[in-house]
Amino acid sequence: ATQVCRIHINGMTCTSCSSTIESALQAIHGVQKAQVALATEEAEVQYDPKIVSYTQISEAIEDTGFEAILIS
Ligand code: 9UX
């Protein structure tokens with residue numbers, strides 16, 4: 001199964017911020033694809049909801065030191 005969510009991320013100021021978050025997301029078991037855009041302050045994450053939940057995904061972002069807010 002595949003689900004896609006969009007997440008607003010607060011606090012990113014440089015491309016290293018977005019790269020750090022993107023790598024953290026890509027390392028999560030169950031995440032199939034993750035892209036973080038600094039310009040729009042958004043992440044788009046494709047994941048298998050049978051393996052990983054939105055809550056775990058947003059917690060992974062918060063663990064890197066940024067605030068995650070679900071858009072859709
Ligand atoms: Mo760039 Mo982001 O120097 O926490 S990595 S601001």
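## Glu41 and its loop

Glu41 has 17 C-beta neighbours inside 10 Å and therefore counts as partly exposed. In this predicted model, Glu41 belongs to the loop that lies between β2 and β3. Although Glu41 is not a glycine, its phi is positive, at about 55°.

The four strands form an open sheet in the order β2-β3-β1-β4, with antiparallel pairing. β2 and β4 each have a single partner strand and stand at the edges, so one side of each is left without a neighbour in the sheet. On average, neighbouring strands of the sheet are turned by 25° against each other, direction ignored.

Strand β1, residues 3-10, is joined to strand β3, residues 42-47, by six bridges, and the two run antiparallel. In this pair Arg6 stands opposite Glu44 in β3. β1 also pairs in the antiparallel sense with strand β4, residues 67-70, over four bridges. There His8 is the residue that stands opposite Ile69 in β4. As a general point, side chains in a regular strand alternate between the two faces of the sheet.

Helix α2 lies across β1, β3 and β4 and runs at about 150° to β4.

Ala60 is a residue of helix α2. Leaving out residues up to four places away in sequence, Ala60 touches Ala24, Leu25 and Ile28. Ala60 and Ala27 are 33 residues apart in sequence, and their C-alpha atoms are 9.7 Å apart in space.

## The nonpolar core

The largest nonpolar core has 14 residues, of which Ile9, Ile21, Ala43, Val45 and Ile61 touch the most other members. At least two residues of this core come from each of β1, α1 (15-26), β2 (31-37), β3 and α2 (54-63). The largest share, three residues, is supplied by β3. In soluble globular proteins, nonpolar side chains tend to be buried together.

Ala43 illustrates the contacts around one such member. Apart from its neighbours within four places in sequence, Ala43 is in contact with Ile7, Ile9, Ile21, Leu25, Ala34, Gln35 and Val36. One of these partners, Leu25, is also touched by Ala60.

## Surroundings of the ligand

Thr13, Cys14, Ser16 and Cys17 are the residues around the ligand. This shell divides into two nonpolar residues, two polar residues and no charged residue.

Conventions:
Residues numbered from 1 in each chain as written. Predicted model: local features only at pLDDT ≥ 70, side-chain atom pairs only at ≥ 80, totals over all residues. Near = placed C-beta within 6 Å. Nonpolar A, V, L, I, M, F, W, Y, C, P; charged D, E, K, R; others polar. Pairing = 2+ DSSP bridges. Core = buried A, V, L, I, M, F, W, Y, C linked by C-beta atoms within 7 Å. Buried ≥ 20, exposed ≤ 12 C-beta atoms within 10 Å, placed from the backbone. Contact = placed C-beta atoms within 7 Å. Axes fitted to C-alpha atoms, helices over the stretch in contact; angles between N-to-C directions.
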